Amino acid sequence: MTPARPGPPYAVTVVGLGADGWRGVPDASRAVLRDAEVLIGGPRQLDLLPPECAGERITWPSPLRPAVPALLAAHADRRIAVLASGDPMFHGIGRALAEEAGDRLRVLPHPSSVSYATARLGWPLEDVEVVTLVGRPAARLAAALHDGRRLLVLSADAGTPAQVAALLRDRGFGPSRMRVLEQLGGERERTSDETTADDWTRTHPPGDPLNIVAVECRRTPDALRLGAVPGLPDEAYEHDGQLTKRYVRAATLAALAPAPGELLWDIGGGSGSIAVEWMRTHPSCRAVTVERDPERAARITRNADRLGVPGLRVVTGAAPAALAELPPPDAVFIGGGLTAPGLLDACWAALPVGGRLIANTVTLESEALLAAARHRHGGELVRLAVAHAVPVGGFTGWRQAMPVTQWAVQKSLDTVDTVDTASGADR
């Protein structure tokens, strides 16, 4: 029998610590910390270690992430242990260390604050959505608000619970039930009394900075209901009329087919509705919207914050010039400016093989461009027509909205050449 090969030499071991400090560290983790020549962590974590952990103690600088490669390289010939809160691979330093050390990283986790919280609350972990506000804007919580959902919010500091309560009130979720769990697993563990977001500021002053917020979402009856799929009500957006309307928007997102981690270019953003709803489909979806009008660009930013995707990048400028420095997209949506010289060509050239391009228009001139592009590259050309029932005297009739022509295409190996769509001539 061939003996098993030894594993790779570990460049660094990351050890999870709880609020109970050294008392809650298992024997295997204690042995690593005693043996380490270098101990890296935050001041609070380093202070939890006893004198028997005699390695050189180094506090993380700020900002932390850019410092990781240099610190590991500076101590590459020494036994390094990095201290982390709870499970290092759950919204922790473990991600950055894994990116640098690869399979030379060893992780010794501790139960996370989320595991402790669900245990204390009696909430099945698989039924809870976790949102972190550590180093992130509170506005991102808005995307997770749905009536009846249970949320655990990872707090940045003692002020986070009040921020959560204010956002819940502002988004029509004032009746939501809230509790704050502090110092989970430690001697100073405490759970606040339950109250509503409406009453939070009055009844709960700031507490311990090491906390997690438990929320049971309850929507006020008159608040606008926002679903989990594309096609939000038009009233959800601030706009000046430049808005892809609800039913066309839903069809457009279906054609764009967002997948986790993908990047969208939304060109001619208007109100930003396509980019916003692309990002709402999954927390890892990313989008850049390009809008030449500064007032509309500012409006897009407000819509993104309001609807829970503050990470939407808004570029104020005219396409195609504004596209030059953007990262390569997985999909492109063109909602305006189709007749700008070179725009369609630039978008097509930027797409990788397998990327999708969707373009909508209501004008005959732009429709001709899309017909020429379909002739050259293939894809599907459809017309979307929506009518609404409206009063006609004492009766009811249909009022037709302007039909939308949509070209949807996926780039393949045999269509990677470009075309001057304005003239229809090959380049």
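Modeller: Accessible areas come from the Shrake-Rupley method with a 1.4 Å probe, and for residues only the protein chains shown count as cover. By that method the accessible surface of the protein comes to about 21000 Å², of which 52% belongs to carbon and sulfur atoms. This is a predicted model, in which local features need pLDDT of at least 70 and side-chain atom pairs count only at pLDDT 80 or more, while totals for chains, interfaces and linings use all residues. Residues are numbered from 1 along each chain as its sequence is written, and side-chain values use heavy atoms, leaving out hydrogens and water.

The C-alpha trace spans about 80 × 60 × 50 Å along its principal axes, and the protein has 12 helices and 22 strands, which are DSSP runs numbered from the N terminus (helices H or I, at least four residues; strands E, at least two). Of its 427 residues, 45% count as buried, meaning under 20% relative accessible area, with exposed over 50% and partly exposed in between.

With a relative accessible area of 33%, Arg 246 is partly exposed. Setting aside residues up to four places away in sequence, Arg 246 touches Gly 231, Leu 232, Pro 233 and Asp 234, where contact means heavy atoms within 4.5 Å. Ile 267, by comparison, is 21 residues from Arg 246 in sequence and 18 Å from it in space, C-alpha to C-alpha. Across the protein, among contacts between residues at least 6 apart in sequence, 63% join residues at least 24 apart.

Technical notes. Buried < 20%, exposed > 50% of the residue type's maximum accessible area, 1.4 Å probe, protein only.
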